[in-house]
Amino acid sequence: MKLYLKIWRQKDAKSKGKIVDYTLDGVEGDMSFLEMLDILNEELVSKGEEPVEFDHDCREGICGTCSLQINGEPHGPDRMITTCQLHMRKFNDGDTIVIEPFRAKAFQVIKDLIVDRSSFERIQQAGGYISVNTSGNTVDANAIPIDKHAADMAMDAATCIGCGACVAACKNASAMLFTSAKVSQMALLPQGQIEATERVLGMVRQMDLEGFGNCTNTGACEVECPKGISLENIARMNREYMSASLKG
Ligand code: SF4
Ligand code: FES
């Protein structure tokens with residue numbers, strides 16, 4: 001198929017970006033979206049032009065780096081997948097595809113389609129961990145009884161890959177879905193109780209410091225999340241935050 005691509009090009013964080021038009025022929029339905037971009041880049045390089053920079057690593061829906069806004073939707077038109085799992089059969093011959101970086105104040109564009117998502121790492125560092133004794137006398141995790149339902153919910157929350165689609169989908173650029181998943185995966189388990197108060201207060205404080213917006217329960221984040229992270233996690237984080245604030 002032949003595609004008309006409109007791609008955001010931006011030299012660096014300080015430069016002004018713009019949409020540039022490209023025409024790409026010979027795209028197969030079985031190709032992934034990133035393979036389509038690989039072919040475009042091969043053509044650009046063979047013509048002596050700068051390739052389009054985009055983030056990717058695993059190409060298996062695991063690492064969360066392949067974050068692209070495709071025709072206005074994070075990770076494109078399909079559901080429960082990342083950009084690297086999107087196939088070109090979702091598009092038709094002659095389609096125009098607009099490809100942009102994820103847009104949010106806290107996700108500065110570094111180059112072309114690559115944004116700086118280190119704000120997510122700083123939120124994690126503000127409390128997204130547990131402290132355990134690693135001296136050799138550590139209690140085996142399997143020796144601690146955990147309610148099956150709680151374990152399942154914690155595991156569901158832990159599937160968040162930190163891609164940032166929730167932020168890009170939100171009209172407030174809120175990171176509540178991401179942060180609440182990272183809070184919930186600990187809050188639901190006994191191992192997460194000891195640091196629970198500092199965790200939720202620290203992570204929410206860092207989320208605000210990074211410049212993410214607030215949640216107004218629109219639910220766009222849940223719709224666009226490639227891992228199906230539920231809004232229930234936001235409700236849980238709000239409860240955790242309220243109770244931690246009263247203790248603090
Ligand atoms: S909550 Fe979903 S959309 Fe947000 S960072 Fe995690 S996996 Fe990505
Ligand atoms: S490249 Fe790792 S999730 Fe897409």
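Met80 counts as exposed, at 53% relative accessibility, where exposed means over 50% relative accessible area, buried means under 20%, and partly exposed covers the range in between (1.4 Å probe, protein chains only). Although Met80 is not a glycine, it has a positive phi of about 60 degrees. Met80 is placed in the loop between E4 and E5, and here helices (H or I, at least four residues) and strands (E, at least two) are DSSP runs, numbered from the N terminus.

The structure is a predicted model, in which local features need pLDDT of at least 70 and side-chain atom pairs count only at pLDDT 80 or more, while totals for chains, interfaces and linings use all residues. Residues are numbered from 1 along each chain as its sequence is written, chains are lettered from A and ligands numbered from 1 in the order in which they are written, and side-chain values use heavy atoms, with hydrogens and water left out.

Arg59 belongs to the loop between helix H1 (33–46) and strand E3 (68–70), and its relative accessible area of 27% makes it partly exposed.

## The chain as a whole

The secondary structure of the chain comes to 8 helices and 7 strands, and its C-alpha atoms fill a box of roughly 60 × 35 × 35 Å along the principal axes. Of the 248 residues in the chain, 45% are buried. The accessible surface comes to about 12,700 Å², and 51% of this belongs to carbon and sulfur atoms; such areas come from the Shrake-Rupley method with a 1.4 Å probe, and for residues only the protein chains shown count as cover.

When contacts (heavy atoms within 4.5 Å) are taken between residues at least 6 apart in sequence, 69% of them join residues at least 24 apart. The chain also carries 26 positive and 35 negative charges, whose mean positions are 6 Å apart. In this count Lys and Arg are positive and Asp and Glu negative, with His and the chain ends not counted, and the place of a charge is taken as NZ of Lys, CZ of Arg, CG of Asp or CD of Glu.

## Residues that meet across the sequence

Which residue lies 92 residues from Lys2 in sequence, yet 5.4 Å away in space, C-alpha to C-alpha? That residue is Gly94. Lys2 sits in the segment before strand E1 (3–9) and is partly exposed, with a relative accessible area of 33%. Leaving aside neighbours within four places in sequence, Lys2 is in contact with Thr23, Leu24, Asp25, Asp93, Gly94 and Asp95.

Apart from its neighbours within four places in sequence, Glu100 is in contact with Trp8, Ile19, Leu68, Gln69 and Leu113.

## Salt bridges

Side chains of opposite charge can pair when their charged atoms come close. A salt bridge is a side-chain nitrogen of Lys or Arg within 4 Å of a carboxyl oxygen of Asp or Glu, and by this rule the count comes to 11 salt bridges. One of them joins Glu50 and Lys111, with the closest N and O atoms 3.0 Å apart. Glu50 lies in the loop between H1 and E3 and Lys111 in strand E6 (residues 109–111), so the pair ties together parts that are 61 residues apart in sequence.

Another salt bridge is formed by Glu210 and Arg122 (2.6 Å, N to O). This pair links distant parts of the chain, 88 residues apart, with Glu210 in the loop between helix H6 (196–209) and H7, and Arg122 in helix H2 (residues 118–125). Glu210 is buried, at 15% relative accessibility, whereas Arg122 is partly exposed, with a relative accessible area of 35%. Elsewhere, salt bridges that share partners join Glu73, Arg79 and Glu224 into one network.

## A negative surface patch

Asp25, Glu42, Glu43 and Asp93 form a negative surface patch. Patches are made of residues with over 30% relative accessible area and no salt bridge, like charges being joined within 9 Å and nonpolar side chains (Val, Leu, Ile, Met, Phe, Trp, Tyr) within 5 Å. Among the members, Asp93 lies in the loop between strand E4 (73–74) and strand E5 (96–101), and it is exposed, with a relative accessible area of 57%.
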